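This report concerns aromatic contacts, a helix and charged side-chain pairs in a single model. The sequence and structure are shown first.

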Amino acid sequence: MFSSKEVPTAKLIPILMQFGTYLKIGLDHYALLKSTGKEAGPDVVAAFIAAKMNGWDPKVNNKTILDPDTKMAAARFLAGIVINLTDI
């Protein structure tokens, strides 16, 4: 049976920090697109973030935690935050 004690918080912090980096990358890309008058919807931003995530293979306890579908979902999640932050 799985226990949350098997994944110490300290092992998650580097992954969460990297998500923050990808969020910043998405914000910067969105700002660039908007400044040039280009389309900047969540799908466009998500595709950009996903491309930047290429090669990132975070592991916890030697187990890969982002398969391709989960990585794309994470990129879309971050893109949604970008759009929501900037459309305030």
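Phe19 and Trp56 are both buried, where buried means under 20% relative accessible area, exposed over 50% and partly exposed in between, with a 1.4 Å probe and protein chains only. The model is predicted: local features need pLDDT of at least 70, side-chain atom pairs count only at pLDDT 80 or more, and totals for chains, interfaces and linings use all residues. Residues are numbered from 1 along each chain as its sequence is written, and side-chain values use heavy atoms, with hydrogens and water left out.

**Aromatic cluster**

Across the whole structure, a search returns two aromatic pairs. Rings of Phe, Tyr and Trp (for Trp, the six-membered ring) pair if their centres lie within 6.5 Å; planes under 30 degrees apart are stacked, over 60 edge-to-face, and the rest tilted. Helices (H or I, at least four residues) and strands (E, at least two) are DSSP runs, numbered from the N terminus. Tyr22 and Trp56 form a tilted pair, with 5.2 Å between centres and 55 degrees between planes. Tyr22 is buried, as is Trp56. Together, Phe19, Tyr22 and Trp56 make one aromatic cluster.

**Helix H1**

Helix H1 spans residues 9-35 and has 27 residues; from its first C-alpha to its last it reaches 39 Å, close to the 39 Å expected at 1.5 Å a residue. That expected span is 1.5 Å times one less than the number of residues. Buried residues of H1 include Ile15, Leu23, Gly26 and Leu33. Among the elements that cover the buried residues of H1 are helix H2 (42-53) and helix H3 (68-86). Just after H1, Gly37 adopts a positive phi of about 75 degrees.

**Salt bridges**

Three salt bridges are found in a search of the whole structure, each being a side-chain nitrogen of Lys or Arg within 4 Å of a carboxyl oxygen of Asp or Glu.

| Pair | Closest N and O atoms |
|---|---|
| Lys24 and Asp28 | 2.6 Å |
| Asp43 and Arg76 | 3.5 Å |

Asp43 lies in helix H2 and Arg76 in helix H3, so their pair ties together parts that are 33 residues apart in sequence. Asp43 is exposed at 57% relative accessible area, whereas Arg76 is partly exposed at 36%. Lys24 and Asp28 are four residues apart in helix H1, about one helical turn.

Conventions:
Contact = heavy atoms within 4.5 Å.
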